[in-house]
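Please keep the sequence and the three-dimensional view at hand while reading.

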Amino acid sequence: MAALEEGFTLTAVPLGSGPDGPLGVEQSDKTDQFLVTDSGRTVILYKVSDQKPLGSWSVKQGQIITCPAVCNFQTGEYIVVHDNKVLRIWNNEDVNLDKVFKATLSAEVYRIHSIQGAEPLVLFKEGAIRGLEALLAEPQQKIETVTSDEEVIKWTKFFMVFRHPVLIFITEKHGNYFAYVQKFNSRILSKYTLLLRQEEKSAAQSFSASVYRKFISLMSLSSDGCVYETLIPIHPSDPEKNQRVVRSLLLKSVVSGSARSGVALTILDQDHVAVLGPPLSASKECLSIWNTKFQTLQASKELPQGTSGQLWYHGENLFMLHGKFLTVIPYKCEVSSLAGALGKLKHSQDPDIHAMTHFVNWETSQGYGLGSQNSEQSKRILRRRKIEASVQPEVPPSTQLLAAVQKDSEKHIEVELRKFLAVKRTPDFHTIIGDVVIGLLGRCKAEPSFYPRNCLMQLIQTRVLSYSLCPGLMEFALEKTDVQILQLCLQQFPDIPESVTCACLKIFLSIGDDSLQETDINMESVSDYTAIIQDGEIEEQTEILQNGFNPEEDNCENCAQELTEKPQAAAEESTSCPVTGKRAALLNAILHSAYSETFLLPHLKDIPAQHITLFLQYLYFLYLKCSENATMTLPGIHPPTLNQIMDWICLLLDANFTVVVMLPEAKRLLLSLYKFVKSQISICSELNKIEVSFRELQKLNQEKTNRELYSIEVLELF
Amino acid sequence: MDAFGGPIWSMAASPSGSQLLVGCEDGSVKLFQITPDKIQFERNFDRQKSRILSLSWHPAGTHIAAGSIDYISVFDVKSGSAIHKMLVDRQYMGVSKRKCIVWGVAFLSDGTVISADSAGKVQFWDSATGTLVKNHLIADADVQSIAVSDQEDSFVVGTAEGTVFHFQLVSVTSNSSEKQWVRTKPFQHHTHDVRAVAHSPIALISGGTDTHLVIRPLMEKVEVKNYDAALRKITFPHRRLVSCAKKKQLLLFQFAHHLELWRLGSTVATGKNGDTLPLSKNADHLLHLKTKGPENIICSCISPCGSWIAYSTASRFFLYRLNYEHDNINLQRVSKMPAFLRSALQILFSEDSAKLFVASNQGSLHVIRLLEGSFKHLHTFQPQSGTVESMCLLAVSPDGNWLAASGTSAGVHVYNVKQLKLHCTVPAYNFPVTALAIAPNTNNLVIAHSDQQVFEYSIPDKQYTQWSRTIQKQGFHHLWLQRDTPITHISFHPKRPMHILLHDAYMFCIIDKSLPLPNDKTLLYNPLPPTNESDIIRRRTAHAFKISKKYKPLLFMDLLDERTLVAVERPLDDIIAQLPPPIKKKKFGT
């Protein structure tokens with residue numbers, strides 16, 4: 001349930017604004033401080049919780065600010081544009097805007113965008129986009145024209161998608177709307193034509209957008225009072241072509257269709273939008289929060305003194321002009337649930353806000369807003385926090401490294417990487433490492449010959465990477481069948497999905513011995529026991545004394561018959577490792593990895609039968625080796641534990657039992673495994689019996705020592 | 001009084017304290033009215049089909065929950081009828097057990113009923129709907145006890161595996177008002193069943209078959225890391241269970257259902273420090289006196305001359321006369337005990353065995369003159385008006401003039417036995433008295449308290465002695481104050497008036513009042529300095545507290561004569577060996 005809280009005015013004195021209201025409200029680099037730009041000549045920095053201005057800057061008489069001031073989060077400076085072309089940059093200490101840094105550009109600026117974690121971007125009126133740094137390096141550079149004649153930018157927004165900046169802007173030409181999406185990781189500008197349905201010949205009045213999974217959800221509030229949603233793919237299938245996207249009705253009649261002006265729309269989170277405008281034609285203007293998932297009105301607040309039809313949303317505050325005053329209304333959106341929407345959950349009702357009951361026609365609204373099932377709470381807020389956490393003063397080696405990744409040679413990247421790793425770790429170290437890996441992978445995909453193996457190994461060994469931080473890495477290594485990297489990943493990553501673990505297992509089992517021979521694999525988990533194996537020597541003694549118990553002597557008649565057929569082979573099987581040392585090291589990495597049975601089992605079924613048999617043979621071998629000593633452990637530095645071995649044997653048999661039973665070569669293995677497990681069970685039961693006898697002995701022993709119930713001793717007391 | 005429902009399995013007093021519920025073998029739940037002078041039957045609740053093993057009141061006193069076999073009933077107190085019958089699943093790990101016994105229930109003010117049962121489950125029920133809300137399987141064996149904190153934000157359960165689990169009501173997410181019960185901490189301090197648990201504001205207390213009482217402080221409630229934050233394990237009752245007839249060298253041991261009388265052995269050999277001497281005569285087990293009926297023995301005493309034994313159960317008082325004829329003992333019960341001698345909390349004989357002092361559980365003290373084979377009631381000291389406190393510790397002066405008696409909190413009263421009147425009252429102290437004794441000759445009363453303070457009070461002067469004032473001014477050594485167990489017995493050396501001998505379960509100590517007191521910098525446990533050291537060094541390192549930890553756990557220690565001490569050890573292994581075996585856990589295989 002969403003709620004609007006008691007609002008408050010930010011300024012005691014009315015803004016010196018024209019009829020259009022302020023130009024913009026933008027966040028500054030400190031929380032709770034906002035830059036308010038009025039449409040005249042003034043920029044004011046407000047601290048919202050204190051409701052007071054912290055600073056005010058004005059341009060000279062005759063000049064006029066044309067673009068709202070923003071804060072450059074990387075430097076903490078403020079940027080504003082006046083007279084369309086003149087860029088001013090200043091900071092808190094500056095008093096007079098005339099004396100601060102000035103750059104005159106060659107084209108007219110539409111907006112400057114700045115969000116945390118990214119370089120500010122300048123959007124020109126002709127649709128060209130420049131980074132601020134590039135622009136300041138050469139202010140008079142030529143700015144190309146992207147949009148056609150008479151095409152006017154109506155609205156624009158800048159956000160981060162998976163740590164990459166994306167800018168979207170909407171243009172209008174003769175009642176047709178176009179959306180341009182600029183992605184900065186690929187430098188692709190995609191153009192979309194927003195198609196209106198035939199019957200809906202209405203002009204869009206206000207836009208808002210948010211990112212939902214792989215789409216930008218663009219919402220528009222039309223002059224007919226309805227909210228429409230358009231889904232624009234972030235990764236277009238064919239970026240060059242002009243594509244068409246259809247908009248669909250999301251909410252019906254949220255504002256009066258006759259409202260000429262003063263309507264605005266803002267997406268608050270995945271399920272909530274804020275709408276500013278008169279709900280009925282005759283009524284006063286209202287600020288309301290709608291739940292798009294359930295199509296219900298969640299909260300509404302009347303603004304009797306009228307608004308300018310502008311609505312800004314930062315953090316948990318909504319900003320709007322109410323009458324002549326800039327008003328802040330804090331709001332709350334909780335996770336929407338059906339119970340909440342239908343009123344089954346109890347909510348503390350704010351007496352100030354009257355929630356209207358709107359009945360929804362579920363038939364007509366079907367398929368518009370109900371599709372989203374992911375009720376993750378305010379993805380956007382979370383993302384912002386993450387970005388905030390990672391914003392740090394830029395470390396030169398990391399930027400250099402990121403730049404190097406994009407274009408330099410493998411050697412050079414290695415040098416840069418070493419430089420970067422040499423400096424002290426910053427809090428955002430792991431995100432940078434993640435970025436570097438993603439950058440490298442991106443380049444690998446683009447250039448098939450480029451494969452910076454050493455760099456990747458070094459990066460994995462920083463021990464800060466995880467599967468989710470660089471999702472493509474293991475897939476890429478699987479593609480390349482680079483078992484060394486896969487082994488490293490298995491050892492280092494805590495969060496490998498079971499499907500990937502299984503894919504690694506498949507590769508490890510199927511890769512040829514000759515290709516394994518060339519690779520350099522960490523053999524630390526496989527110690528001396530494979531050394532024996534590789535020589536092919538059979539040590540008869542080790543075979544007999546497993547925990548002092550010989551499975552050969554077990555009186556399992558049926559099995560014995562089978563086994564006597566090939567006694568030599570059986571003996572060999574129990575002592576020599578069925579796989580080479582390198583393969584054993586790789587398989588041990590699999591044994592050590594974390595998994596969840598339910599997710600692993602289906603994937604294990606896909607492994608070919610002979611590989612299953614081989615793996616089982618290896619596991620059986622390990623089990624025998626384990627049982628050779630009293631502690632039930634394998635020698636070596638980091639060997640697989642008995643539990644891991646047993647779990648994997650059980651898993652493999654669970655997944656492939658029918659197959660394994662049918663295979664003639666696996667039958668003997670199963671029988672010997674069965675016999676051995678049986679003998680182990682009988683050992684355990686014997687041990688339990690012995691324990692009881694020992695306890696009796698101990699009791700007897702105790703009684704002997706306590707026999708002296710009465711004694712007389714000599715004690716010298718002080 | 002009889003509840004007329006067969007054995008009583010459970011009892012619960014109402015939150016207001018005016019009513020008592022009793023759960024009986026025949027499945028009846030009976031409500032009794034408690035008035036200051038009597039307990040009166042009020043009415044029966046709907047009868048259930050099997051025994052009622054646990055009972056709990058709703059904090060408002062309107063409903064009760066009763067745990068039976070296989071189900072829990074919720075009753076409305078006003079109507080006495082069962083509102084809900086909540087069936088407990090017999091299944092245990094997929095195996096159907098024969099019965100599921102609900103060992104414990106707790107009713108919370110929000111209507112939740114928590115149950116603990118023999119299938120190892122702790123379950124949460126909604127008493128309004130009679131439905132199961134949540135199930136925690138916590139043990140392979142019975143969950144036997146449950147206790148809820150006063151704030152109802154945490155509770156504790158004890159299992160037959162010796163484990164104690166702490167459950168807490170915690171927020172689902174931080175800052176969220178929605179809370180749920182979460183099993184937070186397991187504690188394994190017991191080897192056997194945990195039969196009873198209690199939840200104090202700052203600690204979990206558990207006790208069970210292994211005879212230990214464990215106090216586990218809740219670290220989050222402890223503000224300062226001090227001695228109170230330490231885990232405490234209490235093994236022995238803080239009472240004297242052994243009495244000694246010094247002249248005849250007899251020891252009387254008190255067990256739950258019998259008394260044993262032993263004559264100490266003797267030796268003719270001598271030896272040096274640390275030697276164990278060969279026995280010329282072994283210790284003799286003279287008498288094994290079984291009680292009649294099921295009641296436990298509360299207290300017992302043997303007279304200093306060894307010819308009288310007295311003991312008391314909850315409802316009866318017994319006095320025996322012993323006659324020794326060479327190796328034969330003739331035991332003769334003194335019959336026709338007066339009606340006022342129904343039961344006693346503490347019994348004491350005077351030094352000359354001519355008088356018997358009995359502290360009865362109504363707070364009065366009876367003085368009885370013992371004659372050959374009979375007795376005569378001399379006087380009864382009535383309790384101070386307005387107090388209902390019973391006296392639980394007695395001490396008599398060796399000259400027989402003074403009798404000191406202490407309750408749990410109201411100070412120590414000293415009576416003049418000759419004039420049969422109250423002589424004075426030692427001011428009340430915050431902590432209960434654990435041991436009392438009156439020194440010979442000086443008639444100084446030595447009082448040990450549970451906080452390990454020791455006071456010396458001069459009865460003739462009616463004031464604390466100079467030594468007591470000095471030690472109070474300087475304070476006891478911090479290690480002395482941090483001991484776990486209280487002083488349970490104090491005795492004196494007849495020839496050395498400056499010595500006080502006292503002991504707890506882990507040490508005995510001779511306080512030499514003539515030596516300087518130890519301060520916190522000196523070593524408290526000062527082992528005997530080597531004899532080859534010069535006298536000066538020995539004197540410099542010596543202080544008033546001479547402690548020996550040679551015998552532990554020490555149940556009793558007393559001075560038989562000037563040169564003989566008797567110490568009774570009770571090895572824990574012996575106690576454990578007599579316990580039923582705990583639930584066996586396999587060590588090998590799974």
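A residue is called buried when its relative accessible area is under 20%, exposed when that area is over 50%, and partly exposed in between (1.4 Å probe, protein chains only). The model is predicted: local features need pLDDT of at least 70, and side-chain atom pairs count only at pLDDT 80 or more, while totals for chains, interfaces and linings use all residues. Residues are numbered from 1 along each chain as its sequence is written, chains are lettered from A in the order in which they are written, and side-chain values use heavy atoms, with hydrogens and water left out.

**The two chains**

Helices (H or I, at least four residues) and strands (E, at least two) are DSSP runs, numbered from the N terminus. Contact means heavy atoms within 4.5 Å.

|---|---|---|---|
| Chain A | 21 helices, 29 strands | 50% of 718 residues | 58% |
| Chain B | four helices, 49 strands | 50% of 590 residues | 44% |

**Nonpolar cores**

In soluble globular proteins, nonpolar side chains tend to be buried together. A nonpolar core is taken here as a set of buried Ala, Val, Leu, Ile, Met, Phe, Trp, Tyr and Cys residues joined through side-chain atoms within 4.5 Å. The largest such core has 89 residues, and the members that touch the most others are Phe493(A), Phe508(A), Leu604(A), Phe615(A) and Trp648(A). Helix H19 of chain A (residues 609-626) gives this core its largest share, twelve residues. The core lies between domain 1 (397-496) and domain 2 (498-529 + 575-664) of chain A, because both give residues to it; these domain bounds come from an automatic or database domain assignment.

Leaving aside neighbours within four places in sequence, Phe615(A) is in contact with Leu505(A), Leu509(A), Leu587(A), Leu591(A), Trp648(A) and Leu652(A). Another core, of 23 residues, lies apart from the largest one, and its members include Trp467(B), Trp480(B), Ala544(B) and Phe545(B).

**Where the chains meet**

In the interface, 29 residues of chain B are in contact with 17 residues of chain A. The area buried between the two chains, that is, the accessible area (1.4 Å probe) lost on putting them together, summed over both, is about 2,200 Å², and carbon and sulfur atoms give 65% of it.

One salt bridge is found across this interface, the term standing for a side-chain nitrogen of Lys or Arg within 4 Å of a carboxyl oxygen of Asp or Glu. Glu713(A) forms a salt bridge with Lys550(B), with 3.5 Å between the closest N and O atoms. On the side of chain B that touches chain A, strand E26 (276-277), strand E46 (508-512), strand E47 (545-548) and helix H4 (572-578) each supply at least two residues.

Ala106(B) belongs to strand E11 of chain B (residues 102-107) and is buried, with a relative accessible area of 6%. Not counting residues up to four places away in sequence, Ala106(B) touches Ser56(B), Thr112(B), Val113(B), Ile114(B), Ile146(B) and Val148(B). Ala116(B) stands ten residues from Ala106(B) along the chain, and their C-alpha atoms are separated by 8.8 Å.

In chain A, Leu321(A) is placed in strand E27 (residues 317-322) and counts as buried at 6% relative accessibility. The C-alpha atoms of Leu321(A) and Leu303(A), 18 residues apart along the chain, have a separation of 9.6 Å.
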